[in-house]
Amino acid sequence: MAVVDRRIAAVVIGRNEGELLNLSLGSVRSAQLPSVYVDSGSSDGSPAIARDFGVPTVDLDPSRPFSAARGRNEGLREALRRWPQTNFVMFLDGDCALNADFPLPAIATFEQQPDCAIVTGHLSERHPEASVYNRLCAIEWRSPAGRVEHMSGLGGIMMARVSALHQVGGFNEQAIAGEEPDLGVRLGLAGYSVIKIDRPMATHDAQMTRFGQWWKRAVRGGHALAHRYARHGRTRFQDGRRELQSTLFWGFGVPAIVFLLLWPTRGLSLLLIGGYALLGWRIYRHYLRTGLPSSDAWLATRFILYGKFAEFVGVLRYCVNRLRGSFHIIEYK
């Protein structure tokens, strides 16, 4: 279904996406959306790919740190310069392909819900069978349709109301990750809502095949978690508070207590490690209740437990970066 509503424009951001960028830009063309591509210092010819599509391209100045937030903000500014009538913007990452049938029902949602600032839909993983890490992404994307109350699940693939973005100042460019939940909280504090509709929105391609990639992504998540809590943990949303407490307790607290008490207790402190089994059982049961198959529930449970340690590393990196006053992108592929 072709989009004919000229109030919509798309902003695609990317860095070394290669062939995936062809799919991404092609999907936007299929939806007949005017689009801008924003590149964060690619070395694989991505800007040339966009120009071959005839897509206006913004090359971010490398003298400032790259971030997805910065890319989206600069892309939106360029889109509005070219198409001033734009009222809604479809944000898309270069490793994602847009479903051409998503924009129009998203616009209908905005029109029916005047307080709605962001509309999302179902995101699917292109090749979940390619690796356990891709499968983990497919599990991560699962969430029910309806009004979004917890912004932690808000990702970068979304359609947004331009006036609402302007009201809250757009994306936070100091966030190297987690800029989407940060935006969602600020919109919520301003009286807006985020709605997920029961429609396919886009297809994502994680292309994660190694544990090291997954680990870096989890470290980045911990960095984002600490940043979110620092900004909004004390608001009525308490953004990141519960997750940060869990990361600090399981990723650092329990191992530290076990180690410190190892000699005084003659090794009995090792029994505290059993707490991870209890936590894992709770997580596993939660996934089963959501309808996830047992094998996938066990896979997600194991990596959530592993992720506590990676996220703690990310929290430490955030603390160091904050002291330095410098934040730089963490890449996992």
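Which residue forms a salt bridge with arginine 70? Glutamate 74 does, with the closest N and O atoms 3.0 Å apart. Keep in mind that this is a predicted model.

Let's stay with that pair. Arginine 70 and glutamate 74 sit four residues apart in helix 3, residues 68-82, so about one helical turn separates them. Both arginine 70 and glutamate 74 are buried. They also belong to a network of salt bridges, which links Arg64, Arg70, Glu74 and Glu173. The structure as a whole holds 18 salt bridges.

Now to helix 8. Start with arginine 231. Its side chain meets that of aspartate 182 in a salt bridge, 2.4 Å from N to O. This pair links distant parts of the chain: aspartate 182 is in helix 7, residues 179-189, arginine 231 is in helix 8, and they are 49 residues apart. Arginine 231 is partly exposed, at a relative accessible area of 36%.

Next, arginine 228. Its side chain forms a salt bridge with aspartate 239, at 2.8 Å, N to O.

Last, helix packing. The axes of helix 5, residues 132-140, and helix 8, residues 211-232, come within 10 Å and cross at roughly 35°. From helix 5, Tyr133, Leu136, Cys137 and Glu140 meet Phe211, Trp214 and Arg217 of helix 8. Five of these contact residues are nonpolar, two are charged and none is polar.

Technical notes. Residues numbered from 1 in each chain as written. Predicted model: local features only at pLDDT ≥ 70, side-chain atom pairs only at ≥ 80, totals over all residues. Heavy atoms only, no water. Axes fitted to C-alpha atoms, helices over the stretch in contact; angles between N-to-C directions. Helix = DSSP H or I, 4+ residues; strand = E, 2+ residues; numbered from the N terminus. Contact = heavy atoms within 4.5 Å. Nonpolar A, V, L, I, M, F, W, Y, C, P; charged D, E, K, R; others polar. Salt bridge = Lys/Arg side-chain N within 4 Å of Asp/Glu carboxyl O. Buried < 20%, exposed > 50% of the residue type's maximum accessible area, 1.4 Å probe, protein only.
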